[in-house]
Amino acid sequence: MLASCSGSDSAPEPPARDRILDRAFAAIDSDPSQAAQLFEEAGAGPSLERARMSGWKSCLESTRAPAASWRRFLDDGPPPDLAATARLRLIEALLEEGSIDAALTEHLLLPPASRAAGDELLLAVESPEVRLEAARRLAVSSPGRLAARAPDLEGQTVEALRPEEWLERSRSWRLAGRPARAAAELRHLKWRGTFEVERRREQARAELAAGSPRAALRVLPQGRDAAAADHELRARAHRAGAWELYPSRRAAASFADCVAAAERALAEGTADDVGTSALELGLECATESGRLEIAVRAWRSLAAEGWHAERREWLGRRLGYALAAAGDGVRAAELAAELPDHARCLRYWAAQAAGDRDRELEALAAAPVGDLYAGWARQALGRPQPAPPPWPAAVPSAPPPASVQRLLDAGAPREALRQWRWLRELRPPLPAEALAAAELSAQNGLTVDAIRWL
């Protein structure tokens, strides 16, 4: 209390933890082993906790720390994303030290997203049983990893796969961006009952993802043998084939086939996911084939479900333009009210089909922001375009947040950027902050990161 009232200009001594952290951050590049010890010594605290754990982990990685060091790191309670990679490094260290049983125990604690990477580490174990079991899991969940790291084990493990594992393996190939491989493997298999039904559907998905809609259509059942999921996949295949032909007139027939398949899927009384997909397909293909009543009906059914899928804006814009082009300005204007981001676009095209065209164009031309549709409206009304507005003053860069500045003062610019990226996940940056972060990224050779900030 006396010190606070004495009027002294000297800054207060920082807490012991802060002094230790400052020394640790300063030593990350010059002496990572010492820095790791200091991060551990500092312990958990209210400031720069994630930066401490992140810096500690990078030091352990650069020094190829032993298993005991990684255990102490994990015992300190790092965030889940850092803990997952740290546990992988612990498994790697245990295997190097010959502690296979301990490594297998740690493997069980890995989160699902990291288990394939853990299995990849186990492929280097001398024990045939451990290697074979890891290879079997990889053959299903990450076949690309197995083919790259242990091709000698791939044939041995694949021969023993059950039908449900084959299906999961195919999905893994497809989701990893290699659908042609998935389709090729499934073509040579044939089962009975439910598994055969699922095999054909999965092959159709793989063929579609590989860009072969005709092959997908060939493998799917027709008529009474087809269920709602099969009709939905047929609709997807017809849609893909139609866009391959677009804008030629031959595309219209494939779009019409897509609509028919989507309606058959809906007639089966589908589950929610298949039903929503069938409505989306019907909306898209009916719009493109000019069957606008069906498209409007699908749009309204989806709206009644509270539908907000990724392609909603694009599909709605296409439908609105098609309605306006067909002279249905009223429904095009109604659709504009449901799509605020595309309202001016749809209002412009609806005006072209409406009786009071000039009144709507006047409203578009009077917009304070001279966008594309204001310009087109002025052009249609024979009015001159306004002069471009003056450019605003340049945005000055702002000082970084206190925690980032502290890392910069400690001579750890990369840790400062890592801390700043973490803060960016908590809240969007202001323009001045983003500019300052981009400048710092560019100064440290991180061009892509600078572009992300901008």
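Is R427 buried, partly exposed or exposed? R427 is partly exposed, at a relative accessible area of 42% (buried is under 20%, exposed over 50%, partly exposed in between, with a 1.4 Å probe and protein chains only).

1. Ground rules. This is a predicted model, where local features need pLDDT of at least 70, side-chain atom pairs count only at pLDDT 80 or more, and totals for chains, interfaces and linings use all residues. Residues are numbered from 1 along each chain as its sequence is written, and side-chain values use heavy atoms, with hydrogens and water left out.

2. E433 and R427. These two form a salt bridge, with the closest N and O atoms 2.9 Å apart (a side-chain nitrogen of Lys or Arg within 4 Å of a carboxyl oxygen of Asp or Glu). E433 itself is buried at 13% and belongs to helix α27, residues 431-443 (helices are DSSP runs of H or I, at least four residues, numbered from the N terminus). Leaving aside residues up to four places away in sequence, E433 touches A398, W420 and R427 (contact means heavy atoms within 4.5 Å).

3. E232 and R236. Here the N to O distance in the salt bridge is 2.6 Å. Both residues sit in helix α16 (residues 228-245), four residues apart, about one turn of the helix. E232 is buried at 8%, while R236 is partly exposed at 31%.

4. K190 and E196. This salt bridge has its closest N and O atoms 3.7 Å apart. K190 is exposed at 69%, whereas E196 is buried at 9%.

5. The overall tally. The structure holds 45 salt bridges.

Conventions: Helix = DSSP H or I, 4+ residues; strand = E, 2+ residues; numbered from the N terminus.
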